[in-house]
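Take a moment to look over the sequence and the 3D view. We will then walk through the fold in short steps.

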Amino acid sequence: MENPYLPRLVRIAELRDETPDVRTLRLDFVEPEVAESFAFKPGQFGLFSAFGEGECTFCICSSPTRGPQFECSFKLVGKVTTALRECDVGDLIGFRGPYGNWFPVDDMRGKNLVFVGGGIGMAPVRSIVDFCLDNRDEYGDMTILNGARTASDLVYKRESAEWERRDDVRVVKTVDPGGKEPGWDGRVGLIPPVLEDMAPHTDDAVVIVCGPPIMLKFTLISLDKLGFERDQIVTTLENRMKCGVGKCGRCNVGPMYVCTDGPVVTAAQLEALPADL
């Protein structure tokens, strides 16, 4: 049997800085046969390794509709991300995956979609947004709310500009009070009250929401106020993912092993998990 912990070599084809501490890598498999067989779904994740330092779990932030290359975005927080930050175009890193389940793209067909992302939480949201835009005729109205602490911390500015140029999607950007900078043309306010002000319709709708736990907590309260049922709301427990294959046990949350049972869950499923999640 193939070693499940053995990473495949991928080469950095492109890199770009989204914010002062968030970088996106575009990657190619070194082995042509691996590249040819590789497939993933929006919401799945992988283990990205800097040799000699270790590996980190990130979602695959690109859409499978966008070609053989794939992307990840990561925030500078520790030794592995520091080592990845020091890599340049042409360098080799390791990749294991894809792992986990994915956003319910089939069940979402024909539905009105609301996407809410906070900070680096926009990474999994970007994957499903681009997937739905590339299959635009299969989905109803689309609304995107992209928020961050400051204007400089807003990720995917390039993608957001592309979304805003479309006439078949509504895009709202917001920064926290005090986070406005010169030239900012979006909203000012925390994500939950801004979402309430936007007042998306609940009929035949699905909400994808990803972000820090505190943002998620209060966004769920706002969605309750707006009338959304818990099974209409989908999120991802990406920050709980560990080895990817459910063997180390560190992804265990209540009855769930996030690496194998998640990371994508509904808000209704969240209610069955420990309250301090």
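Start with a charged pair. Glu-159 forms a salt bridge with Arg-158, and the closest N and O atoms are 3.5 Å apart. The model is predicted. Side chains of opposite charge can pair when their charged atoms come close. Arg-158 has 42%, so Arg-158 counts as partly exposed.

Glu-159 has another charged partner. The side chains of Glu-159 and Arg-126 meet in a salt bridge, 3.6 Å from N to O. Glu-159 sits in helix α4 and Arg-126 in helix α3 (residues 122-134), so this pair ties together parts that are 33 residues apart in sequence. Both Glu-159 and Arg-126 are buried.

Now move to another pair. Glu-18 and Arg-16 form a salt bridge, with their closest N and O atoms 3.2 Å apart. Glu-18 is buried because its relative accessibility is 9%, under the 20% limit. Arg-16 has a relative accessible area of 13%, so Arg-16 is buried too.

These pairs belong to something wider. A network of salt bridges links a set of residues that includes Arg-16, Glu-18, Arg-126, Arg-158 and Glu-159. Glu-14, Arg-26, Arg-66, Glu-71, Asp-130 and Asp-134 are also in this network. How many salt bridges does the structure hold? The count is 28.

Step back and view the whole protein. The protein has eight helices and 15 strands. Its radius of gyration is 18 Å, close to the 19 Å that the globule rule gives for 277 residues, so the protein is as compact as a globular protein of that length. The C-alpha trace spans about 50 × 45 × 35 Å along the principal axes. Buried residues make up 50% of the 277 residues. Contacts also reach along the chain. Among those between residues at least 6 apart in sequence, 68% join residues at least 24 apart.

Leu-9, Val-30, Phe-51 and Leu-92 make a nonpolar surface patch of about 310 Å². Phe-51 lies in the loop between β3 (45-50) and β4 (54-59).

Thr-57 has a relative accessibility of 18%, so Thr-57 counts as buried. A polar atom of its side chain lies 3.3 Å from the backbone oxygen of Met-241. Leaving out residues up to four places away in sequence, Thr-57 touches Phe-45, Gly-46, Leu-47, Glu-238, Met-241 and Lys-242.

Next, find Ser-73. Ser-73 is in strand β5 (residues 70-75). Is Ser-73 buried or exposed? Its relative accessibility is 4%, so Ser-73 counts as buried. Which side chains make polar contacts with the side chain of Ser-73? The side chain of Thr-24 does, at 2.6 Å. The side chain of Tyr-156 does as well, at 2.7 Å. Setting aside neighbours within four places in sequence, Ser-73 is in contact with residues including Val-22, Arg-23, Phe-58, Cys-61 and Ile-120.

Tyr-156 sits in the loop between β8 (142-148) and α4 (157-164). Tyr-156 has a relative accessible area of 1%, so Tyr-156 is buried. Its backbone stands out for another reason. Tyr-156 has a positive phi of about 60 degrees, although Tyr-156 is not a glycine.

Asp-204 also has a positive phi, near 50 degrees, and is a residue other than glycine. Asp-204 lies in the loop between α5 (191-198) and β11 (205-210). With a relative accessible area of 46%, Asp-204 is partly exposed.

Finish with the peptide bonds. A cis peptide bond joins Gly-97 and Pro-98, with omega about 5 degrees. Pro-98 lies in strand β6 (residues 92-99). The peptide bond from Gly-262 to Pro-263 is cis as well, and its omega is near 10 degrees. Pro-263 is found in the loop between α7 (258-261) and β15 (264-266).

Notes: Residues are numbered from 1 along each chain as its sequence is written. This is a predicted model: local features need pLDDT of at least 70, side-chain atom pairs count only at pLDDT 80 or more; totals for chains, interfaces and linings use all residues. Side-chain values use heavy atoms; hydrogens and water are left out. Helices (H or I, at least four residues) and strands (E, at least two) are DSSP runs, numbered from the N terminus. Buried means under 20% relative accessible area, exposed over 50%, partly exposed in between (1.4 Å probe, protein chains only). A polar contact is a pair of N or O atoms within 3.5 Å; within protein, one must be able to donate a hydrogen and the other to accept it, and residues adjacent in sequence count only if both atoms are side-chain atoms. Contact means heavy atoms within 4.5 Å. Patches are made of residues with over 30% relative accessible area and no salt bridge: like charges are joined within 9 Å, nonpolar side chains (Val, Leu, Ile, Met, Phe, Trp, Tyr) within 5 Å. Accessible areas come from the Shrake-Rupley method with a 1.4 Å probe; for residues, only the protein chains shown count as cover. A salt bridge is a side-chain nitrogen of Lys or Arg within 4 Å of a carboxyl oxygen of Asp or Glu. The radius of gyration is taken over C-alpha atoms; the globule rule is 2.2 Å times the number of residues to the power 0.38.
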